[in-house]
Every structure is written in C-alpha cells, then in structure tokens.
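Morning, everyone. Here is the structure for today.

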Amino acid sequence: MEQIGEMVSQYQDGQTGQRYFVDLEWYKNNNRSFEVLVQNRMCPDSFNGWNIGASSGTSSTTPRSAAAIDEIERCCSKKPGFIIPNLTVMEILFRTLLTSGNQPLTLGEIEARIREWVGGWDGRVINEDVLKRLIAADDFYGIGPAPDADE
Ligand SMILES: [Zn+2]
C-alpha cells in the first residue's frame, strides 16, 4: 500500500497534462500476454479468425499486438456487447483505449469517455482523482503514463 501511495503522490506534482495508455512494454516486463487479454475482448468472428491467423503464421510485418488493437478499433468495438455499461472502471478504460487505437489520453479525457460509456446508468464516483488512483494501483491491464510526445 505504501508503494501505491508513493506512486499517487508522484502523479500529483501538477502533471495535469500527463497522458495514459496501454503500455505494451509493461506486458513484456511482467510476462503477461497482451494478445490474450485483447483476444478475449474480440467479437466471435475476430476471435476465430485470430486463432486461424496465429496457427498459419502471418506474413504481415505488423506486430500482432498492434494488429489486435487495430482489429478491435476497426471491428469488435462496433459490435453489440463491447460497449456495455456494467464493467469495472478499469475494464472500460482498457476498452476505451483499444477502441481509439491506444492513443494516450489525459485524465480529463478519460473521465469524459467513461462518462459517455456508462451514460446515465452509473452511480459510481468517476473523477480524475479516482481515475489516477485506479491507474496507479493497476497491475492487470498494464495501463500507465505515456511518454511525453513533446520530448
Ligand atoms: Zn471483431
């Protein structure tokens, strides 16, 4: 818990412009499979096609992680069952990032997207502080601060 507290205070140093994304390096460093996580969120068609593609090998130079994000953005995110309100905030955030090609978002943008996602259904408190804490505590989705694009 102490560690989480430290991480949170680190983010509070006026870094209001900090953006967050799904950090693919995190998966490598933690021996997690990004592909498996994404595949489980694909529509049945993509899911099945994905397995075929994996077994036959792919000649594409696109990394499969990038191809998986592309598949979600292009196809699965537009199918029923993907954007459903009764998911955890972190699950919604993960899907939101996949839907927009894993483009880094600020906390303010994340809050807006999540509010839009859950619509009027949700009684949960969703604000930038809550999001910051959830992201700092995350050890499942690999969501973390994105490098500053201006640097
Ligand atoms: Zn699909």
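The protein has 8 helices and 3 strands. Keep in mind that this is a predicted model. Reading from the N terminus, the elements go α-β-α-α-α-α-α-β-α-α-β. There are 151 residues, and 17% of them are buried. Now the contacts. Take those with a separation of 6 or more: 75% of them link residues 24 or more positions apart.

On to the sheet. The 3 strands form an open sheet, ordered E2-E1-E3, and the pairing is antiparallel. Strand E2, residues 105-106, and strand E3, residues 143-145, are the edge strands, each pairing on one side only. Strand E1 covers residues 19-22 and is joined to E3 by 3 bridges, with the two running antiparallel. Look for Val22: its opposite residue in E3 is Ile143.

Next, helix H7, residues 107-118. How far apart are its end C-alpha atoms? They are 16 Å apart. That agrees with expectation, because 12 residues at 1.5 Å a residue should span 16 Å.

Which residues of H7 are buried? Leu107, Ile110 and Trp117. They sit on the same side of H7, because they cover an arc of only 85 degrees around the axis. What covers them? The cover includes strands E1 and E2, plus helix H6, residues 89-99, and helix H8, residues 128-137. So much for the buried residues.

Definitions and conventions
Residues numbered from 1 in each chain as written. Predicted model: local features only at pLDDT ≥ 70, side-chain atom pairs only at ≥ 80, totals over all residues. Helix = DSSP H or I, 4+ residues; strand = E, 2+ residues; numbered from the N terminus. Buried ≥ 20, exposed ≤ 12 C-beta atoms within 10 Å, placed from the backbone. Contact = placed C-beta atoms within 7 Å. Pairing = 2+ DSSP bridges. Expected span 1.5 Å × (residues − 1). Arc of directions from axis to C-beta.
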